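The points are grouped by topic.

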Amino acid sequence: MDGSTNHISIVTLNVNGLNSPIKRHRLVSWIKKTNPTICCLQETHLIGKDIHRLKVKGWEKIYHAHGPRKQAGVAILISNKIDFKTKLIKRDKEGHYILLKGTIHQQDITIINIYAPNNGAATFIKQILLKFKNQIDHNTIIMGDFNTPLSPLDRSSKQKLNKETIELNITINNLDLTDIYRIYQPSSNGYTFFSYNTWHIVYTEET
């Protein structure tokens with residue numbers, strides 16, 4: 001990328017509700033301290049009339065998907081320090097996902113932020129990936145709170161993966177998606193259950 005910013009950093013966080021002013025203040029402080037380029041949030045619990053509450057100085061581009069009730073809700077915040085231009089936005093009416101396609105310094109990027117429901121998470125994610133398969137390319141980043149372990153390493157017990165999770169993994173492989181965390185941490189199992197970074201996948205292409 002050209003300009004003063006030649007790389008981007010992306011963070012993802014389940015905030016478990018932002019209706020409390022204290023929690024919003026803590027989130028703003030965390031974003032300023034972390035200082036990422038892009039911030040993806042899950043479980044904002046904000047409805048349409050409350051979207052104005054999600055404001056961070058220096059982050060004028062905020063894209064949110066919400067439902068009719070104070071539950072679910074996902075958001076993508078993009079820092080003013082990069083030149084982001086919006087091309088396409090797809091929002092879930094229940095606030096479980098948002099797809100944002102645009103350019104950063106004239107380079108294409110697609111971000112899909114997902115908050116999967118507690119029940120049927122694997123099937124839900126599979127459906128989203130298939131729904132947007134034509135939007136997924138080598139510039140796509142998928143992240144969020146998937147609410148399901150995708151490998152035995154990610155599980156809190158030694159239970160086998162169920163049929164739905166196996167089918168989701170097949171879909172992920174068919175779409176050539178790669179778990180970036182697993183590339184750099186092939187044997188770690190601590191990040192899934194206690195970390196600022198929830199599970200995320202990225203399409204990669206051989207050059």
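In this predicted model, the order of elements along the sequence is β-α-β-β-β-β-β-β-α-β-α-β-α-β. The chain has ten strands and four helices in total.

**Burial, contacts and surface**
- The chain comprises 207 residues, of which 47% count as buried.
- Contacts between residues at least 6 apart in sequence are joined, in 59% of cases, by residues at least 24 apart.

**Nonpolar cores**
- The largest nonpolar core has 20 residues, and the members that touch the most others are Ile112, Ile114, Leu129, Ile136, Ile142, Leu168 and Leu177.
- At least two residues of this core come from each of strand S6 (97-104), strand S7 (107-115), helix H2 (121-131) and helix H3 (163-174).
- Helix H2 makes the greatest contribution to this core, with six residues.
- Another core, of 18 residues, lies apart from the largest one; Ile38, Ile109, Tyr115 and Met143 are among its members.
- In soluble globular proteins, nonpolar side chains tend to be buried together.

**Glycine 120**
- The loop between S7 and H2 contains glycine 120.
- Glycine 120 counts as partly exposed because its relative accessibility is 47%, which falls between the cut-offs of 20% for buried and 50% for exposed.
- Glycine 120 and glutamate 164 are separated by 44 residues in sequence, while their C-alpha atoms are 8.2 Å apart in space.

Methods:
Residues numbered from 1 in each chain as written. Predicted model: local features only at pLDDT ≥ 70, side-chain atom pairs only at ≥ 80, totals over all residues. Heavy atoms only, no water. Core = buried A, V, L, I, M, F, W, Y, C linked by side-chain atoms within 4.5 Å. Buried < 20%, exposed > 50% of the residue type's maximum accessible area, 1.4 Å probe, protein only. Contact = heavy atoms within 4.5 Å.
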